[in-house]
Structure formats: structure tokens, C-alpha cells
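Here's a quick briefing to read alongside the sequence and the 3D view. Have a look around first, then work through the notes below.

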Amino acid sequence: MLLILVLATFLLLELASGDAVDAYLVSSGGGDANLVAQMRQHYGLDQSVLARLWIYLAALAHLDLGWSLAFDRPVGALIAERLPNTLMLMGAALALSFGLGSLLGVAAGARPGSLTDRLLSVGSLALYAIPGFWLGLVLVLFFAVDLRWLPGSGIETIASGKTGLARAADIARHLVLPVAALGFIYLALFLRVMRSAMAEVWRLDFVTFAQAKGLSRRRIVWRHVARNALLPLVTMLGLQAAAMLGGSVVIESVFAIPGFGRLASEAVAGRDGPLLAGIILVSAVMVIAINLAVDLLYAWLDPRIGAGHAS
Amino acid sequence: MAFLRRYLRSGAGMAGLLIIATIALGAIAAPWLAPRDPLAIAGPALLPPFTDARLPLGTDRLGRDMLAGLIHGARASLAVGLAAMVAALAIGSVVGTVAGFAGGLVDEALMRVTDAFQVVPRFLLALAFVSTLGPSIGTVVIAIALGAWTEPARLVRAQVLSLRERDFVAAARVIGMHPAEIAFREILPNALTPALAIAALIVAAAVLIEAALSFLGLGDPNIVTWGTMIAEGRNLLRTAPALSLLPGLALVITVLGIYLVSEGIGDALERRGRTTP
């Protein structure tokens, strides 16, 4: 599967109009024809497609993602430098959307058809329709421009000289708005999944039995219904990992966060093919890793799944 | 027709249909509602909304009519959304049918390709594709469809797998139909329902991705889109927030309408499941 992706990214690089040397010439304002040929030879660009594919694959096997044209630095190093910010943003957004979303989902699913349920359903549908980047702008408008409560851009105050806890608090303050902008859509999604999963569980016999036993409603909702409705939510978590990574591209651009996603839009702006290809490969590996983690979590939550394979 | 009647009984579905019909009418009638080029200067720059009856929603930084921009933007959004959906369903149903019907190595290979497309974030894929081939409405549509065909492909394949063992397929084989004809004329039409059920969701996702692409400056530069309008208004967020708020609201209402339509379709399908055994 990864091999297919590698071939696809190579194809993408081939399709791009102009090669690395052209891009360099544009940025430096032209150059001597002899030098151009020399550079092409140096970067192996004068060889056949298959030979270049072989060079590309061999480099990838050594975890070498290539050389960024726009930054004039190794792609791997650039990505490694930007990734932590994005992981922080995604992790916080995921925690917010999963936590709050499932709680609100329980509130909606506790009494299907009640006023709370209907209000939350309509509200979540509306929230789900809001594009993250626009929500980000609206949040900036209210909380950073009008109220001046929170910073509207960047990851930390530049040259503040803060260290340790003060710096962590500073970064946290900067992350509030982007996390909200990225997380709210998924909050709505998790709410809806939780609610419909609970509606399914309410119909099952063991819930009727628990009601017949005279258990309190609170206990049935939490111990019996919500708990068994959690599995589809975990599935959703894995499925949405890719979408969230894509969403961070736009959110990081809105909030000027120097992260992985912003690197993608910078690669686009700089017509930096190798960087873009590296970003796609790394994000695919990350999505696979997240899904693997979700599978493990699944087996831990529902012992029946793991046992089936082991025996 | 029975489906239509069930759909009309769904409250969410009706509300969504009303919203989308209004926006679609506006989009289709754009040349008459706002006959002038929406990219042309129509009045003084940065006219606030509701101050001039001739320009009801005001003008932007360059004095372009906001209302005309919104109406023409609806055209771009809906056109891209629908075209991407049709393309995604076409690719998905062909891949799904071939994989499910052929089975074996073909199935294995096609499904691995599907996996590969599914692990790349859709938005990144679209971003990379558009930036490589250059922004135009055609590449935007293909870029979005490239990320959206995998789900219909899986749904169609699952249906095909269960259909190909049915009697009518065996009958088609017996009368000597060509396998390709069996796959595409006998099986595919029957396998499309689950994929069609998510068609509205594909449109909604496509509209959102298109907006995000043009927000990042990767939209077709020759047409007005809501994403571009938001991006241009963003620099004046402090002084003229309406410039980015209005197109954003249009976007939210459109996507909400599409979601409601999708709920209606879901309700209608579910009701069928309940009434017929």
C-alpha cells in the first residue's frame, strides 16, 4: 500500500511543470546554460524516468525524503521540526471533540426524542456545516479583535523569553482558538455518532431487562447504554484522523501556526514538489499509525475482538 | 415515486430541499439576477451593507458588488460540488463493480489502491493535485473526486459481492451475456443504492473542500467563489467583518441544506426498510 503511494507521489513530481532546476532558475533570475546542465546532472535529473524512480526509492529506503527547494533544507528535518506543533493542535482538538462530543452525545441520547435531544441534534448539524477556517476567523473576530481575550495568531509570543511553565501557559493560550476551530466540527460529529449509537443500544433486550430490574435511569444510561455505544465512536476516531490532519492545513494557515499543515501550504506557494511529496507520505504513515493505535484500543475495549484472532 | 413520497414526509428533508432549491434557483438565475460581471467594479469601495438600495449588501475592498459575488459564488460552489460527486460516484462504482465482480487478484489490487487513497488526507491530496496541475475549475473537481471515490467504491463492491451470487446473474450467464455486460448492466444498477445514499454527503464535503482550496488561493482565479471572498475579506476582518462573514454564512447555509437533504434521504430509506419486510 505504501509502495502505491510512493509511486503516486513520484508521478505527482513528474507531472509538475518544470523541475527543481527550473524552480531554482526562477528564484535566482536565470543562469548560464552550461551551469544548468551541470546542475541537472548533479541532481540526477538528466536520467530516464525509471532511473530516477530507482534513485527516489533508494533514498526513501534510507528514510531520506529529499531536498526542499523552497527552504533549501532536507525535507525530513523540516517536517520533524514542524510536526510537534501540529500533533499538539490535533491532540488537543481530538481530546476536546471526543470528550465534549461524547458527553453531549450521552446527554442527547439519554432520552431520545426529548427537547434536549432535538436541540442538540439541530445544533450539532448546524455546527457540522461550518467550515473550520471560517469558524476560525469568526473566533478571531470575537475573542481576539473585539474582546482581546486571546491571541489570534502564532503558537507563542515571539521573543518573550518565557521558559518552563510560563512558556507552556503561553502556548496553551495561543492554542485555544485554533483548537476550538479545528475541534468543533468533530465535536458535532462525535455527538451525532454517540447519539445514534445509543439509540441502537436502547432497543436491545438487556436494556429492557435492566429497566425491569428497576435500576435507576442514571445507572442504565451510563453503565449500560453509553458504555456499549462507545465502540462506534472509537471507530470514528480512526476514520477522522486523516480528515483532521487535512483540516489542520487550513486552520494553521488561518492562525499562522508554524506546523505541518502550514508547511503544506508553504510548499504549495513555493511550488516545492519534493516537500509536498514528503508531506503526503509522512501524513499517510501517520494516518496508518493512528489507525493501528485505534485497532489496539478497540481490542482493549472489546475483549471479544482480540480473542477471536488469538484462538 | 414511492421514495419521493417518503422523502417529502421527512421534516428535515423538506427543510433541506427548500434551502437548496432556493440557492440553486439563485445560482441558475445568476445571469439575470446579477447580469454584470461580479468581478467588475460596481460602486465605491468598502460600502457597508444595507446602506445603498442598489448595492444591498455593500461592496468589497475594490468596490465589487457583494450580493452579485454571493450569487455567482453559489454557482461555483454547487457546480463543483455536483460535478465532483458525479465524478466520484462514477469512478467509485466502476472500481467497486470491477473489484467485486472480478474478484481474486484484480479485487486485491484495486482494494489496495483504494486503501492507499484512503490514508492520505483528502484535503492534502486535493491541495497537492491542484498545485501541481494549476488551479482551474476542472482540476479542482478532479482533485476533490480523487479523494471522494473510495467510499462509494467500497459500498458498491460490498453490494456487488452479495449480488453476483443471485439467480438473475446466473440467468444472465446462462443466456450467454458477456461478463462486462453482466457486471455493468445487470449488477451495477442494483448495487448503486448505498452509494447514492451518501451522494449528498459527498456534495457537502466537496463544497467545503472547494471553499478551503480557494480560501488558500487555489481556486480558479477567473471566477468568484465564496472561499476567495472570505480570503479577501480576511485582511479587513477588523474594519469590515461583513466581507468575510457574509460568504461564510452563505457557505454554512448551503452545507446545512445539503446535510438536511441527506437526512431526508436517510429517513426515506429507513422508512422503506420498516414498511416492506
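The bend at a residue is the angle between two axes, one fitted to the seven residues ending there and the other to the seven starting there. Keep in mind that this is a predicted model, where local features need pLDDT of at least 70 and side-chain atom pairs count only at pLDDT 80 or more, while totals for chains, interfaces and linings use all residues. Residues are numbered from 1 along each chain as its sequence is written, and chains are lettered from A and ligands numbered from 1 in the order in which they are written.

**A helix with a bend**
- α5(A) bends by about 35° at L83(A), with a proline, P84(A), following within four residues.
- Helix α5 of chain A covers residues 75–110, and its 36 residues reach 49 Å from first C-alpha to last, close to the expected 52 Å (1.5 Å times one less than the number of residues).

**Chain B**
- Chain B has 14 helices and zero strands (DSSP runs numbered from the N terminus: H or I of at least four residues for helices, E of at least two for strands).
- Its C-alpha trace spans about 75 × 45 × 30 Å along the principal axes.

**Where the chains meet**
- 37 residues of chain A are in contact with 33 residues of chain B (C-beta atoms, placed from the backbone, within 7 Å).
- On the side of chain A that touches chain B, α11(A) gives the most, with eight residues.
- That side of chain A has 32 nonpolar residues, five polar and no charged (nonpolar: Ala, Val, Leu, Ile, Met, Phe, Trp, Tyr, Cys and Pro; charged: Asp, Glu, Lys and Arg; polar: the others, Gly among them).

Methods: Contact = placed C-beta atoms within 7 Å.
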